[in-house]
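Subject: Structure for your review

Dear colleague,

Please find the structure below, together with its sequence. I would be grateful if you read the notes that follow it with the model open beside you.

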Amino acid sequence: MERNLDLGELRSLVRKNEFTGPTAGFAPGHTQANLVILPNALAYDFLLFCQRNPKPCPLIEVTDIGSPVPKLTAPFADLRFDLPKYWIYKKGIPVEELTDIGAYWKDDMVAFLIGCSFTFENPLIENGLVIRHIEENRNVPMYITNIPCQPAGVFQGNLVVSMRPFLAADVIRAVQVTSRFPAVHGSPIHIGNPEEIGIQNLAKPDFGDPVTVKEGEIPVFWACGVTPQSVAMSSKPDLMITHAPGHMFITDVKDSGYSIL
């Protein structure tokens, strides 16, 4: 499918279930976001979790109680229908993958939009860097690390990272470019040896797809907005709804709006 589709066209295809794939590389220039939906009774604890863990969970927007509309970032969108795929967690177990969550939405739901590293991939490409999972038409590889997040209320769990390999000569440029986007995870949290952060095999990601790491390339790891899925598995709330990893909500906001330079 053409990656340069107009955002309105892409959102229409998503809503009609005609596009259900990963969103990396689509609607370039628009900020992408991870999604967490919780009952209001758990919303404060999760808000506190995000405040204490801004690297993996940089908040872009929190909706009004009961409203599926992200008024600040996409006022004509509906978070029940406008993501390609959703995961339903019950007591920490992913029990369903759906293309809409209308049947699960309740009047006490609160939705959290969390910055996504897909947002800074277009600036990386504009700087001449190759994004391997886009090149190979795969979902970005994501790994649960041995790095604990700061707990908050009922929520605790380990950090998840996304990985992109680069030649040594390009790693510094990747750090420079992504450091401009703290609202979408910013600079990497680890460069090089995966075992230092508890990743034993790059070919077996916990989420997403493996990608080729060529000779001379170094794996570079960014904090990832799939961390809430790891937290769901550890904390076991009765219900948490998330995006399916790699299947983001694409906002109306341009990625330049979250750049600090």
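Leaving aside residues up to four places away in sequence, Phe155 touches Leu38, Leu42, Asp45, Phe46, Phe49, Val231, Ser235, Pro237 and Met240, where contact means heavy atoms within 4.5 Å. A second, separate core of 20 residues includes Leu35, Ile101, Leu239 and Phe249. The largest nonpolar core has 53 residues, of which Leu38, Phe46, Phe49, Leu124, Phe155 and Phe166 touch the most other members. Its largest share, six residues, comes from α2. A nonpolar core is here a set of buried Ala, Val, Leu, Ile, Met, Phe, Trp, Tyr and Cys residues joined through side-chain atoms within 4.5 Å. Buried means under 20% relative accessible area, exposed over 50%, and partly exposed in between, for a 1.4 Å probe and protein chains only. In soluble globular proteins, nonpolar side chains tend to be buried together.

Please note that this is a predicted model, in which local features need pLDDT of at least 70 and side-chain atom pairs count only at pLDDT 80 or more, while totals for chains, interfaces and linings use all residues. Residues are numbered from 1 along each chain as its sequence is written, and side-chain values use heavy atoms, with hydrogens and water left out.

Helix α2 (residues 40-52) has 13 residues and reaches 19 Å from its first C-alpha to its last, close to the expected 18 Å; the expected span is 1.5 Å times one less than the number of residues. Helices (H or I, at least four residues) and strands (E, at least two) are DSSP runs, numbered from the N terminus. Which residues of α2 are buried? They are Leu42, Ala43, Asp45, Phe46, Leu48, Phe49 and Cys50. The cover over these buried residues includes β1 (30-39), β2 (59-62), β5 (109-115) and α6.

Turning to the sheet, four strands form an open, antiparallel arrangement in the order β6-β7-β9-β8. Because β6 (142-148) and β8 (190-191) stand at the edges with a single partner strand each, one side of each is left without a neighbour in the sheet. Two strands pair if DSSP finds at least two bridges between them. Two bridges join β8 to the antiparallel strand β9 (residues 217-223), and His190 has Phe221 in β9 as its bridge partner.

Helix α6 (residues 227-235) lies across β6 and β7, at about 145° to β7. Axes are lines fitted to C-alpha atoms, for helices over the stretch in contact, and angles run from 0 to 180 degrees between N-to-C directions.

Finally, the count of salt bridges comes to nine, each being a side-chain nitrogen of Lys or Arg within 4 Å of a carboxyl oxygen of Asp or Glu. One of them joins Asp252 and Arg11 (3.1 Å, N to O). This pair links distant parts of the chain, with Asp252 in strand β11 (residues 249-254) and Arg11 in helix α1 (residues 7-15), 241 residues apart. Asp252 is partly exposed, at 31% relative accessible area, whereas Arg11 is buried, at 15%. In another salt bridge, Arg80 meets Asp78, the closest N and O atoms being 2.7 Å apart. Salt bridges that share partners also join Arg132, Glu135 and Glu217 into one network.

Yours sincerely
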